[in-house]
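Subject: Structure handover and notes

Hello,

Here is the structure you will be working with. Please open it first and keep it beside these notes while you read.

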Amino acid sequence: MSKKLGFRKALESKVKKSQAAAKKKAISIFTAMSVAHVDDEEPGPGEVRHVEKVLPKGDFYTGQWCDGLPHGNGKYLWTDGCMYVGEWSKGKTMGKGRFSWPSGATYEGEFKSGFMDGKGTYTGFSGDTYKGSWVMNFKHGQGTHSYANGDYYEGEWRRGFQDGHGRYQWKNGNHYIGQWRNGLMNGNGTMMWSNGNRYDGFWEDGFPKGNGNFKWPDGSFYVGVWSKDAKEQSGTYYPTGTPAGDLDWDPQQVYLEDLKDCKICPGEKVTILPSQKMPHWPGVGKGNEGSRQRRSEGRLSNFSWSSENDVSAASEGDLRDGDDDSDSRDSLPNFKTPTKRQGQTISKGHKNYELMLNLQLGIRHSVGRPGPAISLDLKSSAFDPKEKVWTKFPPEGSKHTPPHQSCDFKWKDYCPLVFRTLRKLFKVDAADYMISICGNDALRELSSPGKSGSFFYLTNDDRYMIKTMKKAEVKVLIRMLPAYYKHVRSFENTLVTKFYGLHCVKLTGAAQKKVRFVIMGNLFCTDYGIHRRFDLKGSSHGRTTAKPESEIDPTTTLKDLDLNYLFRLQKMWFQEFCRQVDRDCDFLEQERIMDYSMLIGFHFRGVSTPRTSGVRTPTGEDSENSGQDQLLSDPSRWSSIQLGINMPAQAEKTVRTEGETQLVGEPTGVLYDVILFFGIIDILQDYDISKKLEHAYKSMQYDPTSISAVDPKQYSRRFRDFIFKVFVEDS
């Protein structure tokens, strides 16, 4: 313990001395050198010259300069001691360069738009070294990491974590070769201990899970099904036939003892990233063509980074400097900000009040009921359509149900074990799930039913959406449930709707009314205000919102012919997006599903919501404080960014030039920084006889390629073609 404390104090002392030396160096440079001020007379447009400038906050730049920005080779020194030497493009680090921190840490390699992006080497102040591929500040691709504690990893990375195939060597001689996910051993792999023992088999979240065998140097081995839960552990021990064989060995020893010294080193934390240090350039945005071009390179947001590594709101003057011309003002989005939550609260007296009480009673009973330990490996019997549980809920209560103030009803759970396992797979905590749906807060009913006639309800915390279903939809979901479970288990980034439960309420008495409903994840559960939302199918017939512009608000769901944006994703996200859309569409096509949509919602960064207020933006509205944008600037919060959730992107304005039926307009070069949310919804419509008749009827009246009702193969192809035009790579 004393050695660790001593090492930590030595590191802290080293960092403090390095920072003090860097600041002293910066002060000496600024006091000893007579340099031009940033507001000196500028050369003509496009002319590159060499300058030495002290910038308004005391930072120093020397190198090539063009149109009021670093462009070419140059050196930038921040007052806190950070320094970049390398290539620039229009005020951003772009190309090869070297960034150094006051602590002594360095990154040398390729940059793109201020981010560590490409091939590069990071050497930490403690001795950590990563050499390999980077994408948008993430270790992503092939790379090697030598840790300060002596551990070593070589293999694949994804979004900053070991992911894919790789080899990890511990300082003590133990090593693992196999599959990884999110920085943990996951999948098929082999662990070899320095004493000669080894485990070959499957892993989950860093521990043996599933089929595997453990071998000793003397040749004896154990084969079985592994689990941290001793009750789930089962297997057979095969001794070598010699007295050395130990028949009393307990497999749980692997978890309790053998893996105790096999922790994955987290590595050195980077306190501030080069992209976070990119300065605010007052000249960006002046001039008409220059404004559009620089928007494409990276539009100014409503905050800047100070040398103390915290976010500070820009002043009104800074923002006016950034968007001074009428061209950029005209291109700003014109919309209403969200002012209230969607839906009507279901309180006493509402026509569906008793139905809500029944639903909440049933969910509390289903989820709270004790059940066996959940294994992700389900038997085929769990998916049997006959696998359902009826429960009676008399008002006076029963042996298994509490007394209640609603009417007498019966409750049905469809495939309860499957949905319980899905909730575990989707990392839904049972207690939180019950509180969201069955807590003291009432559900909210959306103002009008969808085109299908279904009603939608939202939980008060916006986490879950409850949809009433037709009997035919229930049959489709149960039919495709085995394939759905296999798909979502195989692809954690799937964009298809997440289903958490399938239930039915049957009222007793003369009515005998049945209400079937499914519980799903709400795609727009976020602290960000959703300013625009689109439901996109890739068809044109009837795909417009019959509302005048004045009546469109943030809760309006627009359609294909209303779309006036392209969405630019960073290379890493775009590649993953394309792969996942292909996988999801293949799955839906195989299940004979059509008429699904890509639901998209986005938040314009720097635009106000009712939650907070702050500085003024160029729209003239109060802006949010920078707290929401800290999601993107704080590396510790990046774990909340997933494919389709909280995704930073750019939305480019488009215009239609080929008439009203043109689905995707022409890009204008006007871009906005946005946070994107998207997913594939309405995946329970199969190509049944009604859809075939609809296709035949509408094909005689309209262009067959413009209608939604087409066979699943054609629908999938058309949907992909369209979506891959709406989402493009940000080059």
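Which residue just after H7 takes a positive phi? That residue is Lys427, with a phi of about 60°.

Two remarks on the source come before the rest. The model is predicted, so local features need pLDDT of at least 70 and side-chain atom pairs count only at pLDDT 80 or more, while totals for chains, interfaces and linings use all residues. Residues are numbered from 1 along each chain as its sequence is written, and side-chain values use heavy atoms, with hydrogens and water left out.

Helix H7

H7 covers residues 416-425. Helices (H or I, at least four residues) and strands (E, at least two) are DSSP runs, numbered from the N terminus. Of the 10 residues in H7, 8 are buried; buried means under 20% relative accessible area, exposed means over 50%, and partly exposed lies in between (1.4 Å probe, protein chains only). Among the buried ones are Pro416, Val418, Phe419 and Leu422, and two arginines, Arg420 and Arg423, are also on that list.

Salt bridges

Side chains of opposite charge can pair when their charged atoms come close. Here a salt bridge is a side-chain nitrogen of Lys or Arg within 4 Å of a carboxyl oxygen of Asp or Glu. By this rule the count comes to 17.

One of them joins Arg479 and Glu591, at 3.5 Å from N to O. Arg479 is in helix H9, whereas Glu591 is in the loop between helix H10 (571-590) and strand E32 (597-604), 112 residues apart. Arg479 is partly exposed because its relative accessible area is 42%, but Glu591 has 14% and so counts as buried.

Another salt bridge is formed by Arg568 and Glu652, whose closest N and O atoms are 2.6 Å apart. Arg568 belongs to strand E31 (residues 565-569) and Glu652 to strand E33 (residues 647-655), so this pair ties together parts 84 residues apart in sequence. Arg568 is buried at 19% relative accessibility, and Glu652 is buried at 4%.

Asp582 and Arg720 also form a salt bridge, with 3.1 Å between the closest N and O atoms. This pair links distant parts of the chain, 138 residues apart: Asp582 is in helix H10 and Arg720 is in helix H13 (residues 712-726). Asp582 is partly exposed at 28%, while Arg720 is buried at 13%. Both residues belong to a network of salt bridges that links Asp582, Asp586, Glu589 and Arg720.

A loop glycine

Where is Gly44 found? Gly44 sits in the loop between strand E1 (36-37) and strand E2 (48-54). With 29% relative accessibility, Gly44 counts as partly exposed. The C-alpha atoms of Gly44 and Asp67 are separated by 7.6 Å, and these two residues are 23 apart along the chain.

Regards
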